[in-house]
Amino acid sequence: MKKTIEDIDVKDKRVFLRVDFNVPLDENGVVTDETRIIKELPTIKYLLSKGARLILCSHLGRPDGEIKDNLSLIPVAKKLLNLLPLTKIKFSFQCVGEKVEKMSQELKPGEILFLENIRFYKEEEKNDPIFAKKLSKLADIYVNDAFGTAHRSHASITGIARLLPNAVGYLMGKEVNTMLDIMKNPKKPFVVVLGGSKVSEKIYIVMNFLKKADAILIGGGMSYTFLKAQGYNLGNSLIDEEKIPLAKEILEEAKKCNVKLLLPIDHKCGASFSTTAKAIVTSGPDMPENLIGMDLGPKTIKLFTKTIRRAKTVIWNGPMGVFEFDEFSEGTETIARAVAKARGKTIVGGGDSIASIRLLKLDKKITHMSTGGGASLALLEGQLLPGVEAINNK
Ligand code: AMP
């Protein structure tokens, strides 16, 4: 488990907080979605309440090491000031150098120094050690709360972390420590449910869980590549031909590892990929030539929900069908309800699965909604994320 802000004493200390304020701006430079700023408030408020002198650092867009006025963080700093009207927030156009070092030294407990876009410096993405050293001069403690960028080895993510006592903020702590905990000691039966269309993206997650999970349920578009590898006819369904050999290997490996790898045993198909397509249910895993698989069939829904119901740990990522079309949303919705009902710890990741849970108002029934995009997928694949590795363990 990683050290969190609650494990360190920040009173009167200059705390360098790396956040992810990479928010959308309109053409007038106005922040159009402040979700990421609002989500960061608990960490900021906690540190300020403990008497920290806070230095905020983020990237915005891809300026590629050049100063680009339309990617300045000034509008974001203004937004933060609206959200924290009683807090003194100063802005520095530089992220390194004597001027900003002096500003950091003059900062009082409870005040914020907001740094300009760190990616205006080409040294950031190169993880330049001299640049990281200069950044470290601004602070006594380093805190990382930018989980979405934890898979990158940049100066403000890994370089500086190695030079200062460090910890993770609330956002990153929840994501990382929940995952590490589950990966280390999952309560059994441990069931992983994967869906969505991109088999190439999720096949490595299947591989990572072969030795850890008791059952891996594969639905959605990605299941057809595995069924094809078993020799079934899948009509006009989505197939990733290139990944068929790897799918075959995984099916073999699953047998050796004694993990139940469950695939659809029937399907809901459509004659065309459209909102007007009517659902045709197959009796088994085979499909007629001209049909497209678009959702789980009723027998599969039963099999999957029964397995999820018995689980004490569940990870779910990816829809079970083309849930955007009403006629083919049953599989995804039923799985969402089953995951929410599971007794043990539940983690839901991926934009579509999270959207389904929210639509059904089941958010509160899920232990952790994993919103980290690429970084979350990397964790699920069992990759060591540089930004996480750089933080000390408890
Ligand atoms: P992903 O980004 O890989 O998680 O895929 C999400 C998308 O997969 C959603 O837009 C779904 O509509 C799509 N999807 C799920 N099942 C199928 C399927 N059977 N055929 C085609 N697309 C699917």
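1. How far from an oxygen atom of the ligand is an N or O atom in the side chain of lysine 202? The separation is 3.0 Å, which falls within the limit for a polar contact (a pair of N or O atoms within 3.5 Å; within protein, one must be able to donate a hydrogen and the other to accept it, and residues adjacent in sequence count only if both atoms are side-chain atoms).

2. Please keep in mind that this is a predicted model, in which local features need pLDDT of at least 70 and side-chain atom pairs count only at pLDDT 80 or more, while totals for chains, interfaces and linings use all residues. Residues are numbered from 1 along each chain as its sequence is written, and side-chain values use heavy atoms, with hydrogens and water left out.

3. Two further side chains reach the ligand: glutamate 324 places an N or O atom 2.5 Å from a ligand oxygen atom, and tyrosine 224 has a polar side-chain atom 3.3 Å from a ligand nitrogen atom. Of the 500 Å² of accessible area that the ligand has on its own, the protein covers 84% (areas by the Shrake-Rupley method with a 1.4 Å probe).

4. The ligand is surrounded by 15 residues, of which the closest are Ser197, Lys198, Lys202, Gly293 and Glu324 (a residue counts if one of its heavy atoms lies within 4 Å). By class, this shell has five nonpolar, six polar and four charged residues, where Asp, Glu, Lys and Arg count as charged, Ala, Val, Leu, Ile, Met, Phe, Trp, Tyr, Cys and Pro as nonpolar, and the others, Gly among them, as polar.

5. Eight aromatic pairs are present in the structure (ring centres of Phe, Tyr or Trp, the last by its six-membered ring, within 6.5 Å; planes under 30 degrees apart are stacked, over 60 edge-to-face, the rest tilted). One of them joins phenylalanine 91 and phenylalanine 114, whose ring centres are 5.9 Å apart with planes at 25°, so the pair is stacked. Because phenylalanine 91 belongs to strand S3 (residues 89-92) and phenylalanine 114 to strand S4 (residues 112-115), the pair ties together parts 23 residues apart in sequence (strands are DSSP runs of E with at least two residues, helices runs of H or I with at least four, numbered from the N terminus).

6. Some backbone geometry also deserves a look. The peptide bond from lysine 188 to proline 189 is cis, with omega near 0°, and proline 189 lies in the loop between helix H7 (170-184) and strand S7 (190-194). Asparagine 127, in the loop between helix H4 (122-126) and helix H5 (129-136), has a positive phi near 50°. Most residues other than glycine have a negative phi, and most peptide bonds are trans.
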